[in-house]
Amino acid sequence: MKHLTSYIILLTSYILFSCSNASVPENAQQVNKLPVIFPDYTEVTLPANLCAPNFMVKGASQVVARFSVGDKQFVYREDNKVIIDDDDWNDMRDAAKGKSIKVEVFCNYGNNAYEWKAYKPFSIYIANDTIDPYISYRLIQPSYVAYEGLVIAQRNLTSYSEKDIYTNSMLQTEAEGQCINCHSYQNYSTSRMLFHMRQYLGGTIIVDNDKISKINLKTDSTISAGVYPAWHPTLNLVAFSTNNTMQTFLTKGTGKIEVFDTASDLILYDVEQNTVSTIVNDSNHLESFPTWSPDGKYLYYCDAHFEYAPNDTTSKERQVIKRYTEIKYDILRRPFNADTHTFGEAEMVFDAAALNKSATLPRISPDGRFLVFALGGYGCFHVWHNDADICIIDLTDNNLTCSKLSSLNSKLSESYPSFSSNGRWVMTASRRDDGNYTRPYISYFPPVKAGQKPQCRKAFAVPQEDPEYNTLLTRSYNRPEFMKQPVKISPKEFAATAKTEAVKANYK
């Protein structure tokens with residue numbers, strides 16, 4: 001939808017610029033600080049194909065914004081929002097590729113024609129690199145115990161278009177609730193993908209090119225159905241964790257809730273053979289969050305050593321609740337033989353427990369060089385931990401030194417990091433806006449020379465057509481994933497498959 005910029009005739013003189021016909025106040029009072037805009041796009045680096053970064057100035061009654069690149073200028077005048085025309089943005093973004101756009105913001109806070117403030121200009125840098133055109137995420141209310149109206153949605157980053165992949169409101173009833181979660185794709189492609197349905201009409205929905213199936217991955221030899229998935233980058237195989245997951249509510253401190261596993265293992269699912277085999281199931285370890293190296297030769301995962309006290313007669317759940325801060329996950333990997341579909345011995349990649357920390361949600365860059373993950377004080381559900389940050393390790397560094405991606409992190413929780421398919425962008429689910437809801441933030445990850453410390457540029461929020469949208473949305477963006485193309489199967493097709501009986505997988 002195109003937005004027409006509005007203007008108000010003031011009593012002072014103005015200079016007219018661009019086809020928007022808006023005007024800039026000449027006699028505004030200069031302020032030697034950046035404007036406080038939301039979302040914050042000051043000094044960010046944006047992809048060469050991203051939609052316009054609309055923003056607002058809270059508390060302002062009128063805002064004028066002037067964008068300059070080369071000899072082109074575009075001026076917009078709104079109430080307190082700057083809504084950029086799509087064609088204008090494409091013109092200035094393309095002209096600024098590899099360079100920057102100068103942005104000047106003028107604000108009036110009382111509808112007084114003579115009381116304008118001119119803030120310090122800032123730059124929006126446009127990278128030479130593009131970004132995957134789509135991301136997907138689960139939209140979920142932070143209700144802890146209910147899951148009405150759950151949606152797995154896909155968003156076009158080159159526009160503001162958002163469409164449902166599947167919503168549980170199509171099938172769930174008042175008496176029968178259906179949870180949906182953990183969407184996953186093979187090597188950023190939606191031709192092979194999956195997501196889970198829990199409770200009502202439960203099963204794992206798997207797309208293998210044009211074939212859609214519903215599978216029951218629970219066997220007599222596994223503790224649960226598949227939970228956290230990872231497609232092999234080339235083979236028709238999926239590694240899953242199997243988890244007995246619990247939650248408890250906290251009455252002390254700033255935390256609201258703790259989510260933990262009382263048991264978890266790793267399995268391998270062969271899509272073509274419909275078979276499940278065990279990768280590792282050590283009863284004294286909690287294994288979770290598998291992810292493959294881009295060449296498919298290694299499976300990375302998280303592992304916490306945790307033994308239940310033999311003399312404690314309480315349940316495993318009660319023991320974990322009493323000792324949940326003791327659970328520290330390391331990152332391990334196992335070599336994989338693609339011919340035999342077997343795994344070698346575990347190798348330590350990052351010993352987080354030795355630092356009294358816990359590392360979760362590992363992902364490997366497409367070139368295989370970098371490992372990113374969420375690091376917090378304990379446990380596996382860092383989305384609830386305000387101390388959780390995204391960290392990175394250069395796997396070509398013999399010391400495997402861990403460092404924080406400081407420009408991507410905030411003072412609140414960061415979790416679920418992922419790389420774009422070209423490795424130039426890192427996305428995280430962040431609670432930085434208000435501490436309650438996760439929003440997708442993206443940061444430019446420039447090429448790293450040998451011996452250079454890897455670091456991101458300042459993170460930016462995924463743009464919305466209305467910059468106020470996320471301040472009013474009472475849902476979290478969960479498990480944001482990059483995609484090279486949209487999911488073409490309709491929600492109705494997924495719903496039709498969900499109504500069928502799940503095919504039971506065979507244990508091998």
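A residue is called buried when its relative accessible area is under 20%, exposed when that area is over 50%, and partly exposed in between, as found with a 1.4 Å probe on protein chains only. The model shown is predicted, so that local features need pLDDT of at least 70 and side-chain atom pairs count only at pLDDT 80 or more, while totals for chains, interfaces and linings use all residues. Residues are numbered from 1 along each chain as its sequence is written, and side-chain values use heavy atoms, with hydrogens and water left out.

**View 1. Valine 259 in strand β21.** Valine 259 has 9% relative accessibility and therefore counts as buried. Strands are DSSP runs of E with at least two residues, and helices are runs of H or I with at least four, both numbered from the N terminus. Not counting residues up to four places away in sequence, valine 259 touches Thr245, Met246, Gln247, Cys380, Phe381 and Trp384, where contact means heavy atoms within 4.5 Å.

**View 2. Serine 264 in strand β21, which spans residues 257-270.** With a relative accessibility of 1%, serine 264 counts as buried. The side chain of serine 264 reaches the backbone oxygen of glutamate 287 at 3.0 Å. Leaving aside residues up to four places away in sequence, serine 264 touches Ile223, Thr242, Asn243, His285, Leu286 and Glu287.

**View 3. The buried face of helix α4, residues 491-498.** Phe494, Ala495, Thr497 and Ala498 are buried in this helix. Seen down the axis of α4, these buried residues fall within an arc of 160°, so they line one face of the helix; the arc is that of the directions from the helix axis to the C-beta atoms. The buried residues of α4 pack against β14 (162-167), β16 (189-199), β17 (203-208) and β18 (211-216).

**View 4. The largest cavity, with about 90 Å³ of space.** Among the 13 residues that line the largest cavity, Phe38, Pro39, Ala461, Val462 and Asn470 are the closest to its centre. A cavity is a set of points on a 1 Å grid over the protein atoms alone where a 1.4 Å probe fits but cannot get out, and lining residues have an atom within 4 Å of a point. The volume is the space filled by probe spheres set on the points, which are joined across faces, edges and corners.

**View 5. The second largest cavity, with about 50 Å³ of space.** The residues lining the second largest cavity include Ile135, Tyr137, Arg155 and Arg439. Strands β12 (134-140) and β34 (439-444) are the elements that give two or more residues to this lining.

Notes: A polar contact is a pair of N or O atoms within 3.5 Å; within protein, one must be able to donate a hydrogen and the other to accept it, and residues adjacent in sequence count only if both atoms are side-chain atoms. On a 1 Å grid over the protein atoms alone, a cavity is a set of points where a 1.4 Å probe fits but cannot get out, and a pocket is an open set with protein on both sides within 12 Å along at least five of seven lines; lining residues have an atom within 4 Å of a point.
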